[in-house]
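Subject: Model handover

Hello,

Here is the model you asked to look at. My notes come after it.

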Amino acid sequence: MEYFELSLPSQAVTLAAPAPGNTTDVLCGVVASGNLEILVEAHSGADVRFMVETTADGFRETWDAVLTQFAGSHASGGLTFTMNDVGSTPAVVALRLAQAHESWLRAGSRA
Amino acid sequence: MNTRKERLAGISHLLNGHHVATDRMVEVLDALIRPGDRLCVEGNNQKQADWLAECLAKTNPDLVHSLHLVQSVLALPEHLDIVERGQVERLDFSFSGPQAGRLARLLEGGKIKLGAIHTYLELFARYFVDLTPKVALVAAQMADREGNLYTGPNTEDTPAIVEATAFRDGIVIAQVNQIVDKLPRVDIPADWVHVVALAPRPHYVEPLFTRDPALITEVQVLMGMIAIRGLYAEYGVTRLNHGIGFDTAAIELLLPTYAESLGLKDKICTHWALNPHPTLIPAIEAGFVKSVHCFGSEVGMEDYVAAHPEVFFLGPDGSLRSNRAFSQAAGHYACDLFIGSTLQVDLQGNSSTATRGRITGFGGAPNMGADARGRRHASPAWLRAGAESAAPGAMPRGRKLVAQTVETFREHNAPTFVERLDAWDLQASANLELPPVMIYGDDLTHLITEEGIAHLCRCHTPQEREQAIRGVAGFTPVGLARDARAVENLRDRGIIQRPADLGIAVSDASRDWLAARSIKDLVKASGGRYKPPMQFRNW
């Protein structure tokens with residue numbers, strides 16, 4: 001088990017961040033072998049924050065590369081991604097992040 | 001005492017026509033097989049002459065030894081038991097599957113000499129040149145009183161083995177599940193068969209091509225979408241062969257949903273060289289599929305196949321006639337695309353499933369995953385791939401599309417992309433003449449990963465090719481070492497296409513696109529005709 005937090009610069013997310021307590025938090029994915037779950041929440045800062053709990057030790061460099069690419073390609077400033085990982089491949093992490101991001105935007109536009 | 005006639009005369013007291021009693025088979029083998037014989041114990045991908053293999057392992061090593069095994073698949077423990085008993089001197093084969101580890105140990109221990117690891121077509125071809133079996137032990141479903149054989153849906157390798165053996169003064173011995181007065185159809189005529197015996201239980205058949213849709217991941221759905229838009233639709237691929245894995249099962253299940261939504265019905269995937277994959281059922285039901293020729297059958301698909309004479313090759317009895325040799329030839333010469341998966345890809349695009357300590361062999365993938373240099377007939381997909389690959393001023397010709405679809409990381413986060421294939425280590429440890437490469441890089445035209453598709457056939461230099469491979473290699477060390485500028489340049493030129501470049505929203509890659517999401521869905525789609533084997537009944 002390994003836990004780390006990472007803060008990265010990212011373009012501000014395109015929707016106005018909802019007020020605390022708003023129901024636009026999005027949970028995405030399933031914890032199972034080779035899968036992970038992601039919770040997306042808004043925060044008041046300009047950065048994008050990742051809080052990662054993973055069962056696979058020793059892949060910190062790969063995590064940094066995947067999360068840095070995501071922060072650069074998806075406007076996520078103002079969002080926190082809390083991730084609970086059970087040994088996913090980088091492909092799954094990148095796909096789930098993109099899905100969580102889009103789900104948050106959709107939920108935000110309905111709110 | 002070496003002609004067939006002389007050898008059979010030695011067991012005339014045991015023969016009733018072609019038939020011998022079940023409990024005399026070991027005696028028959030002791031009498032018929034001579035030291036130095038080339039012996040084929042029919043082992044196919046699926047059907048196994050397992051009882052005859054057991055009898056062989058009970059023969060007297062003083063009489064039966066110095067054998068040269070020439071058979072496509074070494075899947076049963078008995079195949080290697082006779083090696084361990086010191087009865088085998090030399091081995092030529094194609095695929096070892098579950099025996100890969102044990103075979104590697106026997107070779108490393110010097111217990112046996114390896115002729116070669118063949119592809120199916122090569123080994124079948126050598127049967128007719130210099131590796132003709134003297135004795136062939138084959139499996140059939142039924143025999144009649146005269147010794148005609150009914151091989152049924154799993155005909156597989158039997159015609160190639162029997163034709164070579166029977167017409168070169170060799171002896172064909174068949175185990176059958178049943179002896180009947182009248183066969184549903186004759187697959188092998190009695191005068192090509194010399195000894196028939198009722199096996200104490202039906203021969204084993206492995207359900208090798210059943211993939212449970214419940215295990216298909218969203219990344220595989222994404223890669224399937226990339227394949228359909230970037231490869232199938234782009235080149236208008238109508239004649240093709242699929243590998244065995246979950247990646248291609250995902251594509252099969254996306255045809256009646258995703259591909260249909262793109263208006264691709266009748267434009268792609270109409271004619272196949274393929275086993276009757278259960279995951280192809282929804283596409284057949286949707287009218288996507290016009291024709292399928294099969295290497296072998298698949299357990300549980302018999303009734304479904306029999307209900308579709310407009311799609312499958314059936315006998316006059318209504319059941320499937322498969323033939324591995326013909327389907328391999330079809331896969332090599334008549335298909336415009338081969339797509340499969342692999343364990344490792346290097347910087348030249350060479351790929352291999354070899355890992356240290358395991359000699360799995362090749363099977364048929366290299367026959368289909370290779371440009372057919374002898375092909376002369378044209379098709380739009382073949383001409384397009386050829387034109388894209390051509391050096392300036394070269395004689396125009398076509399080219400087969402050969403694609404690998406791989407995730408950048410495998411289980412336990414092992415990178416698929418590597419600087420050096422494990423095949424080199426296996427070559428050294430097993431003393432092979434060449435590293436066992438499944439698909440050579442210069443035959444590979446396309447590489448698909450979750451990062452996108454690399455059109456390798458559009459690269460003009462080895463440097464471009466290497467960057468195109470690195471450019472879809474994701475966060476593997478090989479991918480991270482890419483020249484970012486060169487990769488962006490390849491993307492601008494359409495050599496690398498990301499999902500977005502193909503009009504695919506990554507977030508749209510959902511399992512909801514799969515036409516069946518469980519084995520039970522496949523049963524429903526088949527109208528109840530598909531009867532999955534017990535191990536897949538999980539509802």
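This is a predicted model: local features need pLDDT of at least 70, side-chain atom pairs count only at pLDDT 80 or more; totals for chains, interfaces and linings use all residues.

Residues are numbered from 1 along each chain as its sequence is written, and chains are lettered from A and ligands numbered from 1 in the order in which they are written.

Chain contact. On chain B, 14 residues are in contact with 13 residues of chain A (contact: C-beta atoms, placed from the backbone, within 7 Å). Helix α8 (residues 218-235) of chain B gives the most to that side of chain B, namely three residues. Helices (H or I, at least four residues) and strands (E, at least two) are DSSP runs numbered from the N terminus. By type, the side of chain B that touches chain A has seven nonpolar, four polar and three charged residues. Here Ala, Val, Leu, Ile, Met, Phe, Trp, Tyr, Cys and Pro count as nonpolar, Asp, Glu, Lys and Arg as charged, and the others, Gly among them, as polar.

Domains. Chain B splits into domain 1 (4-198) and domain 2 (213-513), with bounds from an automatic or database domain assignment. Their centres, taken over C-alpha atoms, are 34 Å apart. The contact between them takes 31 residues from domain 1 of chain B and 30 residues from domain 2 of chain B. On the domain 1 side, β3 (88-95), α5 (100-108), α6 (120-127) and α7 (158-166) of chain B each supply at least two residues, and α5(B) gives the most, with six residues. That side divides into 14 nonpolar, twelve polar and five charged residues.

Strand β3(B). Six of its eight residues are buried, so β3(B) is largely enclosed by the rest of the structure (buried: 20 or more other C-beta atoms within 10 Å of the residue's own, C-beta atoms being placed from the backbone). Strand β2 (residues 67-73) of chain B runs parallel to β3(B) and is joined to it by six bridges; strands pair if DSSP finds at least two bridges between them. In β3(B), B:V88 stands opposite B:L67. The chain passes from β2(B) through helix α4 (residues 77-84) of chain B to β3(B) in a right-handed β-α-β crossover, that is, clockwise from the first strand over the helix to the second with the strands pointing away from the viewer. Strand β4 (residues 113-117) of chain B also pairs with β3(B) in the parallel sense, over four bridges, and B:F93 stands opposite B:I117 in β4(B). The path from β3(B) through α5(B) to β4(B) is a right-handed β-α-β crossover.

Regards

Key
Two residues are in contact if their C-beta atoms, placed from the backbone, lie within 7 Å. A residue is buried if 20 or more other C-beta atoms lie within 10 Å of its own, exposed if 12 or fewer, and partly exposed in between; C-beta atoms are placed from the backbone.
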